[in-house]
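Please prepare a briefing on the structure shown below, covering its domains, its core, its charged pairs and selected local features.

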Amino acid sequence: MVLETNIARTFAALSATNEAILYAKSPEQLYRQVCEAAFSSGDFLATAIFLLEPATNMLRVAAGFGDDIKRLRAIDISIAADTPEGTGVCGQAFRDQKTCISNDYLNDRRSLAWREGATVAHIGAAAALPLTCGGRSVGVLLVTQRAAGSITEQVVSLLDRMSANISYALDNFEHEAARKSGERALRRLNRMFGAISATNEAILRAKTKQELYRFVCDAAVHSGKSAATVVLLAEPNSIWLKPVAGTGEIVEQLNRTRFSIDPGNIYGNGICGNAFRTQKACVNSDILNSAQARPWQELGREVGVTAGVALPLTKAGNSIGVLLFLIGKSWASDDEVIALMARIAENVSVALENFDRADEKAKAERQKDRLAGMLEALSATNEAIMRVKSRAELFDAVCHAAVLGGTFTSATLALAEPGEEFLRIVATKGTDYERMRTKRFVISADLPAGRGLTGTSFRTRQPCIINDFLADERTSHWHQQAREDGTRSGASFPLLQRGDRAIGVLLFISRDRDAFTDDLVELLARLAENVSFALDNFDRADEKARTEEQKERLTRMFAALSATNEAIMRAKTRADLYELVCVAASAGGKFTSTTIALPVPGSDFLDNVAAAGPTAETTRNVRLSICADRPEGRGLAGTAFRTRQPCISNDYLADQRVSAFHDIVRGDGAKSGAAFPLMVRGQPVGVMIYLSAERDTFAPEFVELLQRLAENVSFALENFDRADEKTKADERIEYLASHDSLTGLPNRETFNELLRHAIEAAFRHQRQFAVLFIDLDRFKVINDSLGHDVGDILLIEIAGRLRQSLRASDVVARLGGDEFVVILEEAAERDDVERIARDVLSGLGQPSQLSGHECHTTASIGIAMYPSDGVDVQTLTKNADMAMYLAKEDGKNGFRFFTKEIKAQSIERLTLESALRRALDRNQFELHYQPKVDMATGRITGVEALLRWTHPGLGVLPPMQFIPLAEETGLIVPIGRWVLKEACVQNMAWQGRGLPPISMAVNLSPRQFADEHLLDDIDEALVASGMSPMLLQLEVTESMVMRNVPRAVKVLDSIQSRGIRLAIDDFGTGYSSMSLMKQFPIDTIKIDRSFVRDLPNDTEDQAIAQAIISMGKALGMTVVAEGVETAEQEAFLRDHACDEMQGYLFSKPLPSLQMADLLRSAPRMVSPPLQPSAEGPPGKPAPRPNQKNAATGR
């Protein structure tokens, strides 16, 4: 019963399937309705139709119904027998085209691959029915049932009929589809034939390649019904295909996408890239699902494109682009359509070759015309070279001929600027004249602008040709401009000087690509060579002209040199010299300017003192410096001045040293310059500067002449300096001859002349006048104590005070030393003279600050009146001088008029001086000796030798009567030498008579101390007498040692080193200080008698005496008091620890015999040691036994 039911239901399924077959309009509808009818009418768990997926050999569910359909959609079923998925009923039925049954599905080994899922689904039996179409398997109909063994032979028979009916239906569908496809193919072919016809017509109508591309795309879209057609051309030296024409609604989108010919690029693996590389038609019928079309799939979805055909465009066997058709899938699958599209591409390629042949022919014609024109231009250029008179004319002629002869948009000639990194355009012709004339061509390869045509040809000195301007990387700097002005090719040819040095370029620009063929380049190279040759000719002509001009200039410069020498001889002043030299040099050398500049005192600038030449006014106002830190000082003038060498610049505007002056010389036209130092006694005193309007003016021989000219000017300046120095020297000599060099007062000679004039005037007018002879008091003390420099300062101040004290009409002069004279011409009365003399004394008596010391200076004035005291110069001066000496004897700081008594005294003084000069030779001098006594013991410690003069007529004269005269006349030196020898001899004579050795003190005079032979005199006296140096004590005054302290220290050290003792005589009356006293090797100080005279009554003398004693003790010295005459004085001095005394209280000075008697009768004397003490320091005499120690007070 179950079996019958199963069969019945299978029949019902068969019936429903047949009905579905009748109503199905398409295979897909057939599959769906068959499965639904079979499942709904039959007793099946599921029904499903599996169709072959060709790419994978897998059977995939196309339609199905039932509880098991979900599992069936998920499983893999193969048609390959060698795989587990291909061994089941479906694979076997597909391969065998027979129904395949499995009535025990779960135990059937063929279902092993799906057993797990089948178990879960409770599959008992399954049957697979093959589906065929045109005799080939296309799929299977699978039915499954729950019960095993449920598919009987009757059921199988029914299922076979069902399979056959479905296959029949599929055959019908295929036949109908083939019919419709044939109709569509016919329509497609008709359209493509129409497109071919339209394309051929477009090829015939197109005048240019661009028109051809556009017409072809229009025909393909409008006649062939292509969705879009695009022509893609390969970009030069690139991997990209560029759309150059296109038609269709989606062309804009296509233009935004990319296409490449590089297989390594993502955009190079599509049909366009493959067609370009393989030169074969490439088709993609499923763009949206194709892996190779992945870069364009988004665009395809956006615009609805599903298929495309790419066909190569070739020229001379090489791919140049692609013709791309975007079409439907059916068109892409039609081989005949593809073949027709290929014919269109072939026709386009043939047309392109025809265009190229036409272009080549036209190009050849143009090239022929261009060559003919260039030959004509070459001939015209050669004619111009022979005819032109200047470089500018040559440049214009060459460019004009080149533009006329060749189809160039411009012909340009540019020359190098010295020191610049660019070429300057000197001539340009052509339609691009306005644009080209403003350009500058860079020649440095470091800049992008210097790597193009002109820079490359200039640097390499070889032609540089670029026949595809926009495709050449060297010209990338100008690509944008080239697109704007249409430049497509260019050529640059170097202009060479003497065949090796690049001096410029000849540039040609064309709007045609490949304009510069080998033949044309050869002609243009010949043109550039001819221009270079012409420039060399110009250079040779210029060189010849320069040589001639140089000869002429040298001739003129020799004349200028001669004129300069004449100017040097004629010039009366330096200003004359500068002007004459500049005019002569500028005219002779034809300089734009010749300038002489001198340094401004106290500044680092130069003053343009003279200039000549056309631009002289400009150069006069140019600021020059000698300082290298200033821009104005780094030029020719500053450099020549500093280096003392000529400084030359033969290319002024290219010389960075003179950059500060470039703007000035551009206006004046100067091209070269030179500066020559003016030297006087090896030192620069100025510069001569020349500027010329031509480069390279200053050749070596020219520089040599200009150097000689500068040397001549320098020599003239030295002559002026020598003349100035002589004038100054003459004036100085004249001044010194008439004036005192220290004070500026008239000197003795001038004074005598002035006095002579005064006498003559007074004689004529019968009037009297006065002559004042002024001598400073104690000037010698100040001069000796504080030094000659201080003395000179005092004399200058005294001169000034005299001028202030006197009237303008009075004459003041200095006779020498501290002697001044005054002529009072307008003082006729004695009272007026006295008043003036008192004013002078008052003015001179004011204190002066000299080297930190306050000094009080007085003067003694002698006055002589004309005519009573003399009527000539000599008498008046001598009488005033005598009156002055009388004023000094009156106590100084006063004045005296000349009288007859003064004359007598003066005569007496002259007589005394004369006698003094003969006294030494006549043995009129003798020594008296005054003992020095120890205050504590009363014993004689030594004697002091005192000079006496026994005058034949005046008897014995005391020292104060003749010593000053001897000091003044210089006789004191030989007298002092005699005193020293005589004292030593006398001491040894006393010892020879049995007297003990005694200390002998001898005074040194200031002149004697200053005498350079003093040490020799001392040594000679000691050697001649044989006396021990320890017995000799030399006494000097404070003023003597203070006059020149360094020398005094040196002399005293030398004396002390001989073992001789040293004493300061008249201590307290000079200007010494404690610090200076410590420097001198003194062992004894003597208190001057002026401080002892009023002891013990005068408190001031007490204080001074005590201070001197204390100081001496502190310095370890022996203190001796002079002029002790009373017991009170002795007591005071003894009480205050004075060591020794000397004076009339003990003994007056005695002759040698009497002194010997005194020494013999006196208590035992204290004799000094004859040798230095062993304990004493080196060079220091040992202290005498009676010398008290500073520490013990004894």
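The C-alpha centres of domain 2 and domain 6 lie 142 Å apart, the domain bounds being taken from an automatic or database domain assignment. This is a predicted model, in which local features need pLDDT of at least 70 and side-chain atom pairs count only at pLDDT 80 or more, whereas totals for chains, interfaces and linings use all residues. Residues are numbered from 1 along each chain as its sequence is written, and side-chain values use heavy atoms, with hydrogens and water left out.

**Domains and core**

- The protein is divided into domain 1 (1-179), domain 2 (206-360), domain 3 (388-542), domain 4 (571-724), domain 5 (732-899) and domain 6 (912-1159).
- The largest nonpolar core has 79 residues, and those with the most contacts inside it are Trp990, Phe1009, Leu1032 and Leu1034; a nonpolar core is a set of buried Ala, Val, Leu, Ile, Met, Phe, Trp, Tyr and Cys residues joined through side-chain atoms within 4.5 Å.
- Helix α30 (residues 972-992) contributes the largest share of this core, eight residues; helices (H or I, at least four residues) and strands (E, at least two) are DSSP runs, numbered from the N terminus.
- Once its neighbours within four places in sequence are left aside, Trp990 is in contact (heavy atoms within 4.5 Å) with residues including Tyr929, Val943, Met1000, Met1155 and Leu1159.

**Salt bridges**

- A search of the whole structure finds 41 salt bridges, each being a side-chain nitrogen of Lys or Arg within 4 Å of a carboxyl oxygen of Asp or Glu.
- Helix α26 (residues 830-844) holds both Glu834 and Arg838, four residues apart, about one turn of the helix, and their side chains meet in a salt bridge of 3.8 Å, N to O.
- Asp839 and Arg835, likewise four residues apart in helix α26, form a salt bridge whose closest N and O atoms are 3.8 Å apart.
- Arg838 is partly exposed at 48% relative accessible area, as are Arg835 at 44% and Asp839 at 37%.
- Asp432, Arg435, Asp485 and Arg511 are linked in a network of salt bridges.

**Helix α23**

- The 18 residues of helix α23 (residues 748-765) should span 26 Å at 1.5 Å a residue, and the 25 Å between its end C-alpha atoms agrees with this; the expected span is 1.5 Å times one less than the number of residues.
- Thr750, Phe751, Leu755, Ala758, Ile759, Ala761 and Ala762 are buried in α23, and just after this helix Gln766 takes a positive phi of about 50 degrees.

**Surroundings of Thr697**

- Thr697 lies in the loop between β24 (683-692) and α22 (700-738), where it is buried with a relative accessible area of 1%.
- The side chain of Thr697 makes a polar contact of 2.7 Å with that of Ser692 and another of 3.3 Å with that of Ser672; a polar contact is a pair of N or O atoms within 3.5 Å, and within protein one must be able to donate a hydrogen and the other to accept it, while residues adjacent in sequence count only if both atoms are side-chain atoms.

Definitions and conventions. Buried < 20%, exposed > 50% of the residue type's maximum accessible area, 1.4 Å probe, protein only.
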